[in-house]
Amino acid sequence: MLKQTMTELTKVHTTELFEGIFDAKSYQETIKKLILTEDDEASYSVLIEGSDPPEEVIHDALEAQKLLKQKKKAWGPSFSKKEDEPELLKDENIVQKMESLAKELQKKYPSVTLKEFRHRSAKKGTILASGEDEVSQWSRQQEVSIVLDTREDDKVETLWKSFYIHDLSELESLLEESFEEVSNLLHGKSIHYGKTKVLLSSHAAGELLGSYASVFYSDVQRRKGSKFQDREGSVVSSSLITLTDRPHQGPFMRTVDDEWQETKDHVLIKEGVLQKSLTNLEDHGGGSGYRTNLSPSTEVKAVHLEMDPGKTPLEELQSDVIYITQWEGLFAGTNPASGDFSLQSKGFAFRDQKKIPLKGILVSGNFYDLLKDIEALSKERTLSSYGGVSLEIPALLIKELSVIGEEK
Amino acid sequence: MKKSTLENILTIGLDSGFDFCEVFLEKKRMTRLVQKTHETQQANQEFLHGIGLRFLKGTEEYYLSGAYGDEERLLKELKTSLETRENKLSLKDSSDVRLAIQKDFASIDLREKQQLLRFMTEEGLAYDPRLVGMDSLYLDMSQEVIIANSTGLYVTDERNKTRLFSQSIAQEGDVIERGWVGPGHLGGFEFYDDLDLKAYAREAARMAIVNLSATYAEGGVMPVVVDRGFGGLLFHEACGHSLEATSVSRGSSEFCNRLGEEVASPLLTLVDDGSIPGRWGSLQVDDEGMKTQRNVLIEKGILKGYLIDILGGRRMGMEPTGSARRENYTFAPTSRMTNTFIEAGQDDDEQMIKDLEKGLFVKGINAGSVNPATGEFNFNVGEAYLIEQGELTKPVKGLSLIGTGGDILKQVDAVGKDTSIGDGFCWSASGALYIGAGQPRIRLKRMMVGGR
């Protein structure tokens, strides 16, 4: 009776180290979520976790089918593509490794403490099935997040960072960079610069672009959530910008989307000119239709956004500029429909050959204007993520943003 | 699950060397309808049925969770089995604290729920021809929980919640702006019998229309007046999170070891109360089974208390306050806010604005966040006006307010006479939770305002 099924399997190991006091493990294994759809035309779903569907659920599904607007849900060409479930990376020694790395770095940065450390290895699978056809997708995620704390007299500074890594050997350099960053911020000042030239670090640029990724989604554009609706072929950014969604890359990689469409690289901006938006089948395209929490209909989403790097080393861009390394409250302070953002930020002022740590500043601007005001890109890129989208974006030099602080 | 099985699991935990064990059983049914202007886009029903097992040894915590029926597998993780033990722990008689409701969500036809959304769309769009969309979400939830622990506690509860959230979309030329409303309730579908849906729909529409004509303001440091209602989220972010044991017990809060100190303006009294009848942020017992209560956190400027769960209490040497919460069984509980608000003061609302030569009036907010260790918070404005020569002059947009909790609490120089609480969600360590945030109209002498 129930034709379509979708099962999400998640296997997660989490290792946590709090303040070096105890070593606890939380374990969450194979939570099965099953989505059942009555037939091809009903946009109604039932999510069951941990038990068989009761009769009343079936009844509700039939009632809902009568109620809802009928719309043809295409489930794409049927083909089978089953991939092997990957192995999780070994994590037995990660707690000891982090502890010893932190101890070594504390010799160099005595005021800094590794306050909290979390390590999460997950393999996440999605199985789409219809009749005898089945597609399974697996991605492997290795995520590390740290909280660093630095204190001196009554001054406190903390830094929270999260990284997706390929290998544990990457931890050392990531941890050292973070120790240095938080150590500098201890003496950070809130300085007012007004409208000024700003350099966004690769990480900060990635997170900001991630929070505006939806402006490239056809369903968001249709609902007036983006200014890029019907703008294909228009110049929307500096000609230095080429931005591509590469779904076969990154920690959330997918070769087939949740509508059984094969995913492909998709150029969103080419040398400043807006290309076709990402679409799902409902928006007469496909290849970027994903379910959020197993909802019945798909929404458009990018997987891995890459911006072509520039040719200038980051160090050369760090001259006479406000360098932003960290945002606070991105989910609250950005508005994809209008493009406006106003964000609490941290970073450094590079002025007169000096590097002045900054904190307690507000950086404001408009995302659509920012794209046009990009003057240079670094040749370096780091991996960041925001809202389930991974990003590799170079550091971006912006002609002008508003930087508000206490001291004039 | 049988009482004897619960007793067995808890006994196994104690026999394994843990000094506190807890079982959290959850059965939740949720309905979610999404209306995008004229199209009902989604109708979801979710049935979650799961179990969370928690074991404490001193201040160490071990947490396991899984779908219902997996307790055998979970116990294998503890290298034990469900075999009956001798000298089994005895739970007290079950205490059922569920509130009676008049209209069970399951008894209401989906069409009736959908009609609420359609009404919001029609009323919102009718407000002004520049309204181009009205996206609404209907949510109801019946969460049955059984909480048992090794102290013998054995509580059952059913939490019924419903909320209607509407977001208006207005467009004029290239300018697109939004407004929103989101009333919620602890109780059954009877909430909608007396709710003035038309007024809510028009309020969301009004906000979007106001923002169409809003301009960008120059940022800087200035006096700020925040209106009564959900503006209280300012204090939720500025100091509420920093008063949760989650932060305090780890030494990651600017309010650690400061009980009895003057931390705020003497005009301020901050309360968290999960026991207010009918409120969206309320619940009968917390997720460790303790009855919720009124917790005075700051009284006339003096720090009086924290929000404490069992584990946080062990770390801090303090008693729990009925503040342990979790989104569902996959999360271990931790200290979280419920309905957090500033108590009414004595100042006149209009005079707060008349006194100012220049400043900002914040009528509505969108969202905010905080770093509890440093107290640095940010707060995004949904509707605001410039104050010039004691008058509200023009609407402004694209603004955020930032500061540190410790500083902002001392900047309050006027507190109005009428407190109201708004409804929202809070995302933190134990997942997404329904909360209330409120205050009377409040004036702050200086805040940093980010503009362009």
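A residue counts as buried under 20% relative accessible area, exposed over 50% and partly exposed in between (1.4 Å probe, protein chains only). By that rule, 59% of the 408 residues of chain A are buried. This is a predicted model, in which local features need pLDDT of at least 70, side-chain atom pairs count only at pLDDT 80 or more, and totals for chains, interfaces and linings use all residues. Residues are numbered from 1 along each chain as its sequence is written, chains are lettered from A and ligands numbered from 1 in the order in which they are written, and side-chain values use heavy atoms, with hydrogens and water left out.

**Chain A overall**

- Chain A has 8 helices and 19 strands; these are DSSP runs numbered from the N terminus, helices being H or I of at least four residues and strands E of at least two.
- Contact means heavy atoms within 4.5 Å. Among contacts in chain A between residues at least 6 apart in sequence, 71% join residues at least 24 apart.

**Ser342 of chain A**

- Strand β16 of chain A (residues 340–351) contains Ser342(A).
- Ser342(A) has a relative accessible area of 3%, so this residue is buried.
- Not counting residues up to four places away in sequence, Ser342(A) touches Gly333(A), Leu362(A), Val363(A) and Ser364(A), and, in chain B, Gly398(B), Leu399(B), Ser400(B) and Gly450(B).

**A sheet in chain B**

- In chain B, 6 strands make an open sheet of mixed pairing, ordered β13-β12-β11-β16-β23-β22; two strands pair if DSSP finds at least two bridges between them.
- Its edge strands are β13 (302–303) and β22 (420–428) of chain B, each of which pairs on one side only.
- Strand β12(B) (residues 294–299) runs antiparallel to β13(B), and 2 bridges join them.
- Opposite Ile298(B) stands Leu303(B), in β13(B).
- Helix α5 of chain B (residues 233–240) lies across β11 (270–273), β16 (339–342), β22 and β23 (431–439) of chain B, at about 115° to β23(B). Axes are lines fitted to C-alpha atoms, for helices over the stretch in contact, and angles run from 0 to 180 degrees between N-to-C directions.

**Leu117 of chain B**

- Leu117(B) belongs to helix α3 of chain B (residues 110–126).
- Its relative accessible area is 0%, so Leu117(B) is buried.
- Residues touched by Leu117(B), beyond those up to four places away in sequence, include Leu33(B), Val34(B), Ser136(B), Tyr138(B) and Leu164(B).
- Leu409(B) is 292 residues from Leu117(B) in sequence and 39 Å away in space, C-alpha to C-alpha.
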